[in-house]
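These are my notebook entries on a structure opened today. I set down what I looked up, entry by entry.

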Amino acid sequence: MSDQHRHPSLEILGDYAAGGLPEPVALALAVHLSSCSACRIAVQRLETIGGVVLDDVPPAALDTEAALDRALSNLGDAEPPELPSEKSDFPNALLRRVPGDLAKLPWRRVARGVAEFALDTYEAGYRAKLLRIQPGASVPRHTHRGEEYTVVLAGAFNDSDVVYEKGDFAEADPSLHHQPIASDGEVCYCLAVTNAPLKLLSPIGRLMDPLLRLRTQHQ
Amino acid sequence: MHPIMGQDESDYSAMIVLIAEERDRHAFATLFRHYAPRIKGFALKSAPDPAMADELVQDTMLAVWRAAPTYDPRRASATTWIFTICRNKRIDLFRRRSRPEADPPEEGDWVMQATQEDSAEIGTAFRRTRALMKELPTEQADVLRMSFLEDKPHRTIAAETGLPLGTVKSRIRLALATLRQRLEQ
């Protein structure tokens, strides 16, 4: 399941199970897992590897009884698990990161029908942003200097004849040249995480691309 | 319940259930004596800081006590569940950021029900995973273990082992693909 379009690769699932996935990518994945039981089960199975690793790790020297006494004395303070908050259109992992109602965010227009809102990220080199694409509008044709992970929050978009709907996960890398187009009928909201700037491919796009523009001036 | 020698995964699962249902401190003590030195060993693999490692032991075991009611022995073995708590607490402690988590599945989610395994099957899956990991080529098994042991991205593993990043990624990918394929057989 996970190697197909619309689902994260096995590598991403494995890195999430291991705990090493960079936080913004883990956020995109958590959004996907909130609505994809198949990938959630795949992660549970991969976590068994972690169980085996923990079981095999050489036990470290520890004053077990003193540590146990300390833990026992704190059990009373250990509050019950947090109950999931009330049902929302969006997964809790995302709600914790978005300051309020999507419609009221200070969106920044980036192209006709396309606006973005940058989220704070806690991982050097990564950017996470929300995209709002009006029905039928398209992101300018582009490719990537690094990786891009996109998860659909609402609506749908079409990319190279694959339709990505709510909860679907897309991975892109420098080998992909694409121009995602929002489906008709509903505004499409996505979370997109990148670890390098995009590279715009159209002539106008190239003029807008500061890095390339700089290069042109030097010629 | 008295601690006995030679307990296996299902005994530890039963103790987590006892904690959940009866807030049983003896069961907690038994789990603690078994897991605390392993959690500390696990922590020392990602950062050689004994004080941090002791904190991770406390944070993880208190979370085990607190979260025991959410443990489902049909979904995960005791050690796998404790690994996930330990992994998350390590992210909290070392990166000072909490890990983004998926929402819990809806009641009556058909896929979750269809794959609901019993605790005996979970124990079998745990032993099979261990056996299959031993069959992996050493070069694959080593980087796979590192990716779970050390809370580090693949590029850090590449820097530490002196392997090209692409090699680290492809070894992990091959190892995961082999495990998945054989576990499904």
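Entry 1. I looked up D161(A) for its backbone: phi is positive, about 70 degrees, although the residue is not a glycine. Most residues other than glycine have a negative phi. I located D161(A) in the loop between strand 6 (156–159) and strand 7 (162–165) of chain A.

In chain B I noted R23(B), which is not a glycine either and has a positive phi near 50 degrees. R23(B) belongs to the loop that lies between helix 1 (9–22) and helix 2 (25–46) of chain B. With 13 other C-beta atoms within 10 Å, R23(B) is classed as partly exposed.

**Entry 2. Confidence and overall make-up of chain A.** I read an average pLDDT of 86 for chain A, with 85% of the residues scoring at least 70. Over residues 211–219 of chain A the pLDDT stays under 50, and the model has three contacts for this stretch beyond four places in sequence. Where pLDDT is low, the predicted coordinates should not be read in detail.

I recorded seven helices and eleven strands in chain A. Of its 219 residues, 37% count as buried. Among contacts in chain A between residues at least 6 apart in sequence, I found that 67% join residues at least 24 apart.

**Entry 3. Helix 1 of chain A.** Is helix 1 of chain A enclosed or open? Eight of its nine residues are buried, so the helix is largely enclosed by the rest of the structure. I listed the buried residues as L10(A), I12(A), L13(A), G14(A), D15(A), Y16(A), A17(A) and A18(A). What covers them includes helix 2 and helix 3 of chain A, and from chain B helix 7 (138–149) and helix 9 (165–184). Just after the helix, G19(A) takes a positive phi of about 100 degrees.

**Entry 4. The side of chain A that touches chain B.** I found 51 residues of chain A in contact with 67 residues of chain B. At least two residues of this side of chain A come from each of helix 1 (10–18), helix 2 (23–33), helix 3 (37–56), helix 4 (64–74) and helix 5 (92–95) of chain A. Helix 3 of chain A gives the most, with 15 residues. By class, I noted 30 nonpolar, twelve polar and nine charged residues on this side of chain A.

**Entry 5. The sheet in chain A.** I traced an open sheet of six strands in chain A, in the order 1-2-3-10-5-8, with antiparallel pairing. Strand 1 (108–111) and strand 8 (169–172) of chain A stand at the edges with a single partner strand each, so one side of each has no neighbour in the sheet. The twist averages 30 degrees from one strand to the next.

I then followed one pair: strand 2 (residues 114–119) and strand 3 (residues 127–133) of chain A are joined in the antiparallel sense over six bridges. Within it, E116(A) stands opposite L131(A) of strand 3. Helix 2 of chain A packs on the sheet, where it touches strand 3, strand 5 (148–154), strand 8 and strand 10 (188–194) of chain A. I noted an angle of about 40 degrees between the directions of helix 2 and strand 5 of chain A.

Conventions:
Residues are numbered from 1 along each chain as its sequence is written. Chains are lettered from A and ligands numbered from 1 in the order in which they are written. This is a predicted model: local features need pLDDT of at least 70, side-chain atom pairs count only at pLDDT 80 or more; totals for chains, interfaces and linings use all residues. pLDDT is the predictor's confidence in each residue, from 0 to 100. Two residues are in contact if their C-beta atoms, placed from the backbone, lie within 7 Å. Helices (H or I, at least four residues) and strands (E, at least two) are DSSP runs, numbered from the N terminus. Ala, Val, Leu, Ile, Met, Phe, Trp, Tyr, Cys and Pro count as nonpolar, Asp, Glu, Lys and Arg as charged, and the others, Gly among them, as polar. A residue is buried if 20 or more other C-beta atoms lie within 10 Å of its own, exposed if 12 or fewer, and partly exposed in between; C-beta atoms are placed from the backbone. Two strands pair if DSSP finds at least two bridges between them. Axes are lines fitted to C-alpha atoms, for helices over the stretch in contact, and angles run from 0 to 180 degrees between N-to-C directions.
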